[in-house]
Amino acid sequence: MKLAIILLAAYVLDRIIGDPRSIPHPVVLMGKAITALERLIRRFCTQPRTLKRAGILLPLLVAGGAWGVTAALLMLLSRVSPGLGWAAEVWLIATTIASKGLKDAGMAVYVELRKGDIPAARTALGMIVGRDTTKLESPDIVRGTVETVAENIVDAIISPLFFALLGGAPLAMAYRAVNTLDSMVGYKNDKYRDLGWASARLDDVANYIAARMTAVLLVLCACLLRLDWRSSWRIVRRDARRHPSPNSGFPESAVAGALGIRLGGENVYHGVASFRAYMGDPLRTMEPEDIILASRLMLWSSAIFVCLCAAAVMLWHGIGG
């Protein structure tokens, strides 16, 4: 029962306040730790073979450290006061979720598009994607925003809640460490191909189950929101595995099918064009309102999932007596 209350409270807290800049965020500390460890590793490891070995050590240290520090902190605070321990766990889990931040980021692009300020919309999109946005027009700005919202439903909401269900705040924080590692070193370029390979693989494994659960949730939410849930399910089955990521194609294809649009296509990264497999059918031109629909799918699917998590905890305790 305790975990059910904590999960629900953490989700509600994130939906209300998100990540206030005035409060130190654990992910910032993780980023600093990763940067420091990378510098230390590169000081002693200069050959591809040694960097690959260090690449295995890096996620073990960062994720293991995040789990250990979180568990020790909660144990200490709970000894001071059980209520303080509960409050700390609620806040820590809330920091691993980003439902409000994801919605706000999408809406920042939507607002500029509705005003007709394409340069401002490009800038807002550039804050949340790695692709070059300087030459994008409205449909591609919408595409980039919808893709980002859809993809991040998994690693910014469903996965951390899933790991919190399995192991409370310590495991959720360990997951967030893995995800942060992937975003910092999990690239297939010359700099990180050797050092970041294990972090990228671990992130893929960590999101594997959640990505597929998210696709099912999105199909369900498409039905509840009176969108095209049949097409959503069909597109997931047809297109999800075409994505270069083993996980990102599932939420993206589900959203594309529900909205009747086609995601994917050519993006430019640092001046180099890169083609990503299409997700969905181009039944119509993408419009700014698609950002709102994608955000609604995100919020509904995450709310349903946290309720399912709480129900699972209560059912488990009921069965266990």
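Colleague: How much space lies in the largest cavity?

Modeller: This is a predicted model, in which local features need pLDDT of at least 70 and side-chain atom pairs count only at pLDDT 80 or more, whereas totals for chains, interfaces and linings use all residues. Residues are numbered from 1 along each chain as its sequence is written, and side-chain values use heavy atoms, with hydrogens and water left out. On a 1 Å grid over the protein atoms alone, a cavity is a set of points where a 1.4 Å probe fits but cannot get out, while a pocket is an open set with protein on both sides within 12 Å along at least five of seven lines; lining residues have an atom within 4 Å of a point. The space in the largest cavity is about 90 Å³.

Colleague: Which elements give two or more residues to the lining of the largest cavity?

Modeller: The lining includes Leu-13, Asp-14, Ile-17, Trp-91, Ala-94 and Thr-95. Helices here are DSSP runs (H or I, at least four residues), numbered from the N terminus. Those that give two or more residues are α1 (2-17) and α4.

Colleague: Which element gives the most to the lining of the second largest cavity?

Modeller: That cavity holds about 30 Å³, and Ser-231, Arg-234 and Ile-235 are among the residues that line it. Both α9 (229-239) and α10 (249-259) supply at least two residues. The most, three residues, come from α9.

Colleague: Which element gives the most to the lining of the second largest pocket?

Modeller: This pocket holds about 330 Å³. Of its 15 lining residues, the closest to its centre are Pro-26, Leu-29, Val-69, Thr-70 and Met-173. At least two residues each come from α2, α3 and α4. With six residues, the most is given by α3.

Colleague: How far apart are the end C-alpha atoms of helix α3?

Modeller: The expected span is 1.5 Å times one less than the number of residues. For the 33 residues of α3 (residues 48-80) this should be 48 Å, and the model agrees, its end C-alpha atoms being apart by 48 Å.

Colleague: Against which helices do the buried residues of α2 pack?

Modeller: Buried means under 20% relative accessible area and exposed over 50%, with partly exposed in between (1.4 Å probe, protein chains only). In α2 the buried residues are Pro-26, Met-30, Gly-31, Ile-34, Glu-38 and Ile-41. They cover an arc of only 135° (taken from the directions from the helix axis to the C-beta atoms), so they lie on the same side of α2. With contact meaning heavy atoms within 4.5 Å, these buried residues pack against α3, α4 and α7.

Key. Points joined across faces, edges and corners; volume = space filled by probe spheres on them.
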